Amino acid sequence: MENIEIKKVIEIDENNLNKMTKWIYEWWGKSEALTLEQVKVFLKHCMQKERLPQTYGAFIGDKIIRNVSIYL
């Protein structure tokens, strides 16, 4: 079994960003009538270093397997 690492996502490669965008789009973007591009812009906004919103990801190696954003 490979190790899973949880990391704050501030910058991410395009492949992983596209995965995250598709997940969020399927979870709620479609039902809110958003485009994939709108979800991607929103997700990039959630990649903050010092303030909210922040995004964390679970990674196996350099591949993201799940993500969560905190908005409080």
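These questions and answers cover a sheet, a helix packed on it and the salt bridges of a predicted model.

Residues are numbered from 1 along each chain as its sequence is written. In this predicted model, local features need pLDDT of at least 70 and side-chain atom pairs pLDDT 80 or more, while totals for chains, interfaces and linings use all residues, and side-chain values use heavy atoms, without hydrogens and water.

Q: In what order do the three strands of the open sheet lie?
A: Strands are DSSP runs (E, at least two residues; helices are H or I, at least four), numbered from the N terminus. Two strands pair if DSSP finds at least two bridges between them. The pairing here is antiparallel, and the order is 1-2-3.

Q: Which residue of strand 3 stands opposite Phe59?
A: Strand 2 covers residues 54-60 and pairs with strand 3 over seven bridges. Opposite Phe59 stands Ile64.

Q: Which strands does helix 1 touch?
A: Helix 1 spans residues 14-29 and packs on the sheet. Contact means heavy atoms within 4.5 Å. The helix touches strand 2 and strand 3.

Q: Which residue forms a salt bridge with Glu14?
A: A salt bridge needs a side-chain nitrogen of Lys or Arg within 4 Å of a carboxyl oxygen of Asp or Glu. The closest N and O atoms are 2.9 Å apart, and the partner is Lys40.

Q: Is Lys40 buried or exposed?
A: Buried means under 20% relative accessible area, exposed over 50%, partly exposed in between (1.4 Å probe, protein chains only). Lys40 has 13% relative accessibility, so Lys40 counts as buried.

Technical notes: Axes are lines fitted to C-alpha atoms, for helices over the stretch in contact, and angles run from 0 to 180 degrees between N-to-C directions.
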